[in-house]
Amino acid sequence: MVGIDEHLREVLARHRVDTGLFSRVRGVQPLIEPVIQTWGGPFIVDIRTSGSFAKGTAVHGGTDIDLFVSLTSTLTDTLQRISDTLFNAFLQAGYAPRRQNVSTGLTVNGWKVDVTPARRQDQYGNYHSLWSTKTGSWLQTNISEHIRVVSNSGRLDEIRLIKIWRNRFGIDWQSFYLELFVLDALRGARVGNVQENIVTVFRAITTSLANKRLVDPANTNNVVSNVLTADAKGAVIKSAQVALESPWNVVFQ
């Protein structure tokens with residue numbers, strides 16, 4: 001019989017996303033970059049990987065690669081227009097773009113891709129402003145800080161397992177919110193004690209998700225935990241309660 005630790009290692013290996021320099025999914029960027037370059041032209045500072053892909057928390061079943069388009073602070077278009085015109089550029093190029101909160105979603109050669117445009121707040125720093133369709137207003141972000149906080153946390157396996165569980169059961173829980181919650185739930189827990197730590201996370205979901213306030217480490221005005229309604233949080237809590245009462249090979253596959 002396969003032990004719990006071995007089962008979890010097998011699940012993590014099965015859902016692993018190759019983020020190396022020669023990863024096949026990286027081939028998406030040169031395919032769609034001409035559309036982005038035509039759209040943004042001289043206002044583009046750079047196009048870089050971001051999100052779960054860059055943090056090391058990506059799993060199969062979620063977004064395969066996230067691309068962040070940094071625009072110069074001298075661009076005078078409104079943030080909403082920046083978001084809308086990028087969406088339209090992909091539409092006109094023959095893709096079937098999806099409007100998402102701060103990004104445009106695409107499927108390219110079977111890969112799920114999120115493209116997020118943002119304007120620098122000054123010419124030199126990593127702080128950017130972007131448009132949120134959910135709030136109808138702008139948000140401040142710093143993806144370099146997000147990557148640092150998560151990728152250096154020592155909790156990548158636990159985050160990936162919770163994402164695998166989320167995807168398996170179709171749970172509505174935005175990735176960055178999930179990542180911050182896992183980090184908060186495991187504060188002080190032993191690094192590498194994955195089996196016990198996962199139980200700790202599930203218990204934390206049932207006891208504190210409803211009221212736990214989590215803010216963006218790059219913007220204390222952005223309350224990340226507000227992205228889910230009370231009903232949506234209730235659904236996550238119910239799923240966690242079921243997980244605590246279920247065999248590991250049912251929860252994680």
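Which residues are linked in a network of salt bridges? In this predicted model, the network joins Lys55, Lys163 and Glu179. A salt bridge here is a side-chain nitrogen of Lys or Arg within 4 Å of a carboxyl oxygen of Asp or Glu. Residues are numbered from 1 along each chain as its sequence is written. Because the model is predicted, local features need pLDDT of at least 70 and side-chain atom pairs count only at pLDDT 80 or more, whereas totals for chains, interfaces and linings use all residues; side-chain values use heavy atoms, with hydrogens and water left out.

The chain contains 10 helices and 9 strands. Both are DSSP runs numbered from the N terminus: H or I with at least four residues for helices, E with at least two for strands. The radius of gyration is 19 Å, close to the 18 Å of the globule rule for 253 residues, so the chain is as compact as a globular protein of that length. That radius is taken over C-alpha atoms, and the rule is 2.2 Å times the number of residues to the power 0.38. Along the principal axes, the C-alpha atoms fill a box of roughly 60 × 35 × 30 Å. Buried residues make up 47% of the 253. Buried means under 20% relative accessible area, exposed over 50%, and partly exposed in between (1.4 Å probe, protein chains only). Of the contacts with a separation of 6 or more, 66% are between residues 24 or more positions apart. A contact requires heavy atoms within 4.5 Å.

Side chains of opposite charge can pair when their charged atoms come close. The whole structure has 9 salt bridges. One of them pairs Lys55 with Glu179, with the closest N and O atoms 2.7 Å apart. This pair links distant parts of the chain: Lys55 sits in helix 3 (residues 51–55) and Glu179 in helix 7 (residues 175–185), 124 residues apart. Lys55 is buried at 7% relative accessible area. Glu179 is buried at 0%.

A salt bridge also joins Arg160 and Asp157, at 4.0 Å from N to O. Both residues lie in helix 6 (residues 156–168), 3 residues apart, about one turn of the helix. Arg160 is buried, at 9% relative accessibility. Asp157 is partly exposed, at 33%. Arg81 pairs with Asp77, the closest N and O atoms being 3.4 Å apart. Arg81 is partly exposed at 46%, and Asp77 is partly exposed at 28%.

The structure holds 2 cavities of 30 Å³ or more. A cavity is a set of points, on a 1 Å grid over the protein atoms alone, where a 1.4 Å probe fits but cannot get out; lining residues have an atom within 4 Å of a point. Grid points are joined across faces, edges and corners, and a volume is the space filled by probe spheres set on the points.

The largest cavity has a volume of about 40 Å³. Its lining includes Ser83, Phe87, Arg98 and Arg99. Helix 4 (79–92) and strand 3 (98–99) each supply at least two lining residues. By class, this lining has 1 nonpolar, 5 polar and 2 charged residues. Ala, Val, Leu, Ile, Met, Phe, Trp, Tyr, Cys and Pro count as nonpolar, Asp, Glu, Lys and Arg as charged, and the others, Gly among them, as polar.

The second largest cavity has a volume of about 40 Å³. Leu79, Ile82, Ser83, Val102, Pro117, Leu130 and Trp131 line the second largest cavity. Helix 4 and strand 6 (128–132) each give two or more of these residues. Helix 4 provides the largest share, 3 residues. The lining of the second largest cavity comprises 6 nonpolar, 1 polar and no charged residues.

Conventions
1 Å grid on protein atoms, 1.4 Å probe; cavity = no way out; pocket = protein on both sides within 12 Å on 5 of 7 lines; lining within 4 Å.
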